[in-house]
Amino acid sequence: PAGGYTFPWTRARAEPPTERLFFDFGVYVSGRGGCTRLHADGSRTNAVLCQVYGEKTGVLFPPEAEFYFEPAHGFPPKWADAPAAQRAAFPCAPTEFRLRPGDVLFVPRDWAHEVYTESQSVTLTYNFLWGWQELRDCLWKLLTRGKAGAFALPCDRLGTSP
């Protein structure tokens with residue numbers, strides 16, 4: 001989804017999570033069958049997901065996998081949409097997870113992830129940077145690439161995602 005599904009809204013409107021800067025928190029409420037396609041969080045922050053109600057599953061990819069998400073490699077914007085043979089040939093296996101009520105998941109900065117809602121769900125999230133080094137890295141990306149290109153995955157930067 002493009003946005004509008006978290007609270008509180010920032011800058012007087014809802015922003016897509018891939019465009020938010022630095023510290024952020026939200027409440028994600030979603031119905032069964034929802035999917036947050038492959039992305040890295042805004043400002044490439046660390047994230048903590050706290051599952052309050054329902055279940056979610058998903059996949060995590062380390063930062064070095066980002067190269068393989070380039071459209072030149074023919075990779076679709078959603079991991080779930082990739083043919084089984086393409087997923088099997090991917091150079092690194094994703095880390096799969098399942099969140100149930102009471103579970104907490106830490107997603108390190110720069111890790112791409114895709115999340116699937118298995119049942120009606122409520123999730124609390126908190127995004128943050130840890131220390132001056134991470135803040136400096138994020139500011140450098142912002143200054144050199146601009147907000148739109150600084151933190152998106154390659155398929156987002158080139159406009160191939162839905």
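Author: Phe90 counts as buried, at 10% relative accessibility (buried means under 20% relative accessible area, exposed over 50%, and partly exposed in between, for a 1.4 Å probe and protein chains only). The model is predicted, with local features requiring a pLDDT of at least 70 and side-chain atom pairs counting only at pLDDT 80 or more, while totals for chains, interfaces and linings use all residues. Residues are numbered from 1 along each chain as its sequence is written, and side-chain values use heavy atoms, with hydrogens and water left out.

We may begin with the aromatic rings. Rings of Phe, Tyr and Trp (its six-membered ring) pair if their centres lie within 6.5 Å; planes under 30 degrees apart count as stacked, over 60 as edge-to-face and the rest as tilted. Under this rule there are three aromatic pairs. In one of them, the ring centres of Phe61 and Trp79 are 4.8 Å apart and the planes stand at 65 degrees, so the pair is edge-to-face. Phe61 belongs to strand S4 and Trp79 to the loop between S4 and helix H1 (84-89), so this pair ties together parts that are 18 residues apart in sequence. Helices (H or I, at least four residues) and strands (E, at least two) are here DSSP runs, numbered from the N terminus. Both Phe61 and Trp79 are buried.

Phe61 also pairs with Phe90: the centres are 5.6 Å apart and the planes are at 70 degrees, so this pair too is edge-to-face. Since Phe61 lies in strand S4 and Phe90 in the loop between H1 and strand S5 (95-99), the pair ties together parts that are 29 residues apart in sequence. The relative accessible area of Phe61 is 0%, so the residue is buried. Phe61, Trp79 and Phe90 form one aromatic cluster.

Let us turn to another residue of the strand. Thr57 is found in S4, which covers residues 56-61. With a relative accessible area of 11%, Thr57 is buried. Its side chain makes a polar contact of 2.6 Å with the side chain of Glu118. A polar contact is a pair of N or O atoms within 3.5 Å; within protein, one must be able to donate a hydrogen and the other to accept it, and residues adjacent in sequence count only if both atoms are side-chain atoms. Leaving aside residues up to four places away in sequence, Thr57 touches Phe97, Arg98, Glu114, Val115, Tyr116 and Glu118, where contact means heavy atoms within 4.5 Å.

Next comes the partner strand. S4 and S7 run antiparallel and are joined by six bridges; two strands pair if DSSP finds at least two bridges between them. Lys56 stands opposite Thr117 in S7. On its other pairing, S7 runs antiparallel to strand S2 (residues 35-39), to which three bridges join it, and His39 stands opposite His113 in S7.

How enclosed is S7 (residues 112-117)? Six of its six residues are buried, so the strand is largely enclosed by the rest of the structure. In a regular strand the side chains alternate between the two faces of the sheet. Ala112, Glu114 and Tyr116 point one way from S7, His113, Val115 and Thr117 point the other way, and all are buried.

Val115, found in strand S7, has a relative accessible area of 8% and is therefore buried. Val115 and Gly58 are 57 residues apart in sequence, yet their C-alpha atoms are 4.3 Å apart in space. Beyond residues up to four places away in sequence, Val115 touches Gly34, Cys35, Thr36, Lys56, Thr57, Gly58 and Phe97.

The loop between S6 and S7 holds Asp110. Most residues other than glycine have a negative phi, and most peptide bonds are trans. Asp110 is not a glycine, but has a positive phi of about 75 degrees. This residue is buried, with a relative accessible area of 19%.

Finally, a word on confidence. pLDDT is the predictor's confidence in each residue, from 0 to 100. The protein chain has a mean pLDDT of 76, and 71% of its residues reach 70 or more. Residues 1-12 have a pLDDT below 50, and this stretch has 22 contacts in the model beyond near neighbours in sequence. Where pLDDT is low, the predicted coordinates should not be read in detail.
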